[in-house]
2 protein chains.
Amino acid sequence: MSIEPEFRQDPVCGRWAIIAPERSHRPKTLEGAEPRHRREGERKPCPFCPGQEYDTPDEVLAYRPFDSSPNGPGWQLRVVPNKFPAVRPDLVTLSSTADSTADTTTDKNMFLASPGLGRAEVLIECPEHLPDPTHLSDSQFSAVFSAYRDRLIALADEVQLAYASVFKNVGAEAGASLGHTHSQIIATPIVPGIIESELAGSAAHFSRTNRCIFCDIAHREMTDRDRLIAQSENFLVLSAFAPRFEREFWLLPKRHVSRYEAISSAECLELARLMKRVLSSLDIIMDKPAYNWSLHTAPLRSTEMPHYHWHIEVMPRISRPAGLEWGFGCYIIAVSPEQSAREFREHLS
Amino acid sequence: MSIEPEFRQDPVCGRWAIIAPERSHRPKTLEGAEPRHRREGERKPCPFCPGQEYDTPDEVLAYRPFDSSPNGPGWQLRVVPNKFPAVRPDLVTLSSTADSTADTTTDKNMFLASPGLGRAEVLIECPEHLPDPTHLSDSQFSAVFSAYRDRLIALADEVQLAYASVFKNVGAEAGASLGHTHSQIIATPIVPGIIESELAGSAAHFSRTNRCIFCDIAHREMTDRDRLIAQSENFLVLSAFAPRFEREFWLLPKRHVSRYEAISSAECLELARLMKRVLSSLDIIMDKPAYNWSLHTAPLRSTEMPHYHWHIEVMPRISRPAGLEWGFGCYIIAVSPEQSAREFREHLS
């Protein structure tokens, strides 16, 4: 077998996997850490710290003074290709057919596989070796949300890419391998399954009601307040109604907008302040748990969609999915979303 | 909020959650164990050991000598209601409407919730305090597969139940809370999402080809052998083509059959011997990892389906799903399924 990455689709369910043997070589400093919480093992120097820029591929975006040099110190935020990528941009030319960059080979109409084309990027959120996103300053945290926007806009120029999955892993239990706070972007020729499912579900709701389901949820939750955790002028934070993890929460804009790329710099700062407040509350309630967040937005180059609505889902990795969850897709949650919202509200600063 | 369990469906994706606050009270002896592997903390006595029958609800099935007393020692295998159930049978009468036992209240057509009606059972696989299923004798392991069948047949008598999810968690990382080897059954008025997805995907394949997709997969994998791990007269073990976990494998019957209930006692023994061989190989390759398995079979009371095919999926909990997996439903796998199959074959006894 080649060690080049490959997309594969389950022939029964349609679930996607990326077979990426190179990933097994990535360094891990969090491996030995206590799994549920966030402590780092010993490894110096950190490849994401200033002065170690030679240890990452050349930056594709940096917020840095005009008089500083690319790939040298002085930056406030850097986005670099992942050194151990799950997908690779150079596979276009390796494809056996020239007419499609997202070449899909069907195997007796059953086993679908295609080259693991795409871009895997790491967004290094600050120069300081901070493992905890709530320790970012408001402007640093805001820059993270601006950089998400800037990369989504840039990646849309690559027509072979259909979707950019933006996410963050905090803590070893959440899959992080390095402690220095960072996000990841994996842009692919496929639209991932959960986004497909959200697009289909929200389109079905729109065809029934002529309304965006996320707008309906926002309206309902602002009225009922049972699952309302926090809000700012333009954003809401909600305890998920049918979560996969205990204390799962979602952030979404109050006004309808399907494309995250439309966010303004002022909104990035507002979102950052709101997210920091809620994450700090989570850290108090659960003693700094590991968590993931993911930015759910419309596919690259889509025009504004009346049925879809961007949002961020945050999943604390407290509960352990087991046989019922992995085998059947049904999630047992021992803390009710309403109880969770109450506790979040009690500990908000 | 009530502490009664409740089913909830995500309004966008249709994913199901069971909100079950009582689950937080269950005892855990594996909690402090090293997470990836299988070691047990100190807790005596084990509620699943002989002599402790008073510590579990009354058995609903037991393989025991005719002259032994129910809920006393002497048994070879016991199935008891879960003392800390995710779903409960007594919620039928608590439903606010009398006309449906699976009463679903729609809330402005968006937030679907219904009482957490169902049966949660624990299948205690042997009297000995064995944490490792490969240490079961062939006849003990075979009895586990017979008991799955017997409970599926019994649960089908309860017309309010649509599906029985049968699964097993081995090791703390896989969600097990007690070390004594056991399986679980959670029978519900809903058909779980992954089964719905498999039924839909296999029905679509059947409508295109007039063939069962699992039969097609079995035929293809027996011919190619790249992902064939092991086989016996009637069963195959395959490395999953597009897995969610590294070294995920599936067991399925070679002949077409949608309902697990049709398995014979001789086939249970054959399946047990095959499963033990493959699990022992996994234990060598990965140093006794935590894992889950789940039995995917047709819904309760269904007649034989031409498009569906029962099988067991085994998911070693080696790799850690992170933001891409949980946020987007796309799985990064660092060991190719073909490499995995080779290693399984090398270590088969």
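This is a predicted model: local features need pLDDT of at least 70, side-chain atom pairs count only at pLDDT 80 or more; totals for chains, interfaces and linings use all residues.
**Entry 1: the interface**

I began with the contacts between the two chains. I found 82 residues of chain A in contact with 82 residues of chain B. Next I looked up the area buried between chain A and chain B, which is about 7200 Å². Carbon and sulfur atoms give 66% of that area. Which three residues supply more than any other three of the area that chain A buries against chain B? I noted A:F241, A:W326 and A:F328, which supply 13% of it.

**Entry 2: charges and polar contacts across the interface**

How many salt bridges does the rule find across the interface of chain A and chain B? I wrote down four. I looked up one pair in which the side chains meet in a salt bridge, A:E173 with B:R320, at 4.0 Å from N to O. I also noted 26 residue pairs in polar contact between chain A and chain B. On the side of chain A that touches chain B, helix α2 of chain A (residues 193–209) gives the most, with seven residues. Sorted by class, that side of chain A has 47 nonpolar, 16 polar and 19 charged residues.

**Entry 3: strands that pair between chains**

I then followed strand β15 of chain A (residues 330–333) to its partner, strand β2 of chain B (residues 16–19). These two strands run parallel and are joined by four bridges. Here I found A:C330 opposite B:W16.

**Entry 4: checking a helix**

Why should helix α4 of chain A span 32 Å? Helix α4 of chain A (residues 265–286) has 22 residues, and at 1.5 Å a residue they should span 32 Å. Its end C-alpha atoms are 31 Å apart, so the two values agree.

**Entry 5: a link within chain A**

Over all chains, my count by the rule comes to 50 salt bridges. I picked out one with the side chains of A:R119 and A:E158, at 2.6 Å from N to O. This pair links distant parts of the chain, 39 residues apart. A:R119 lies in strand β7, while A:E158 is in the loop between α1 and β8 of chain A.

Key
Residues are numbered from 1 along each chain as its sequence is written. Chains are lettered from A and ligands numbered from 1 in the order in which they are written. Side-chain values use heavy atoms; hydrogens and water are left out. Contact means heavy atoms within 4.5 Å. Buried area is the accessible area (1.4 Å probe) that two parts lose on being put together, summed over both. A polar contact is a pair of N or O atoms within 3.5 Å; within protein, one must be able to donate a hydrogen and the other to accept it, and residues adjacent in sequence count only if both atoms are side-chain atoms. Ala, Val, Leu, Ile, Met, Phe, Trp, Tyr, Cys and Pro count as nonpolar, Asp, Glu, Lys and Arg as charged, and the others, Gly among them, as polar. Two strands pair if DSSP finds at least two bridges between them. The expected span of a helix is 1.5 Å times one less than its number of residues.
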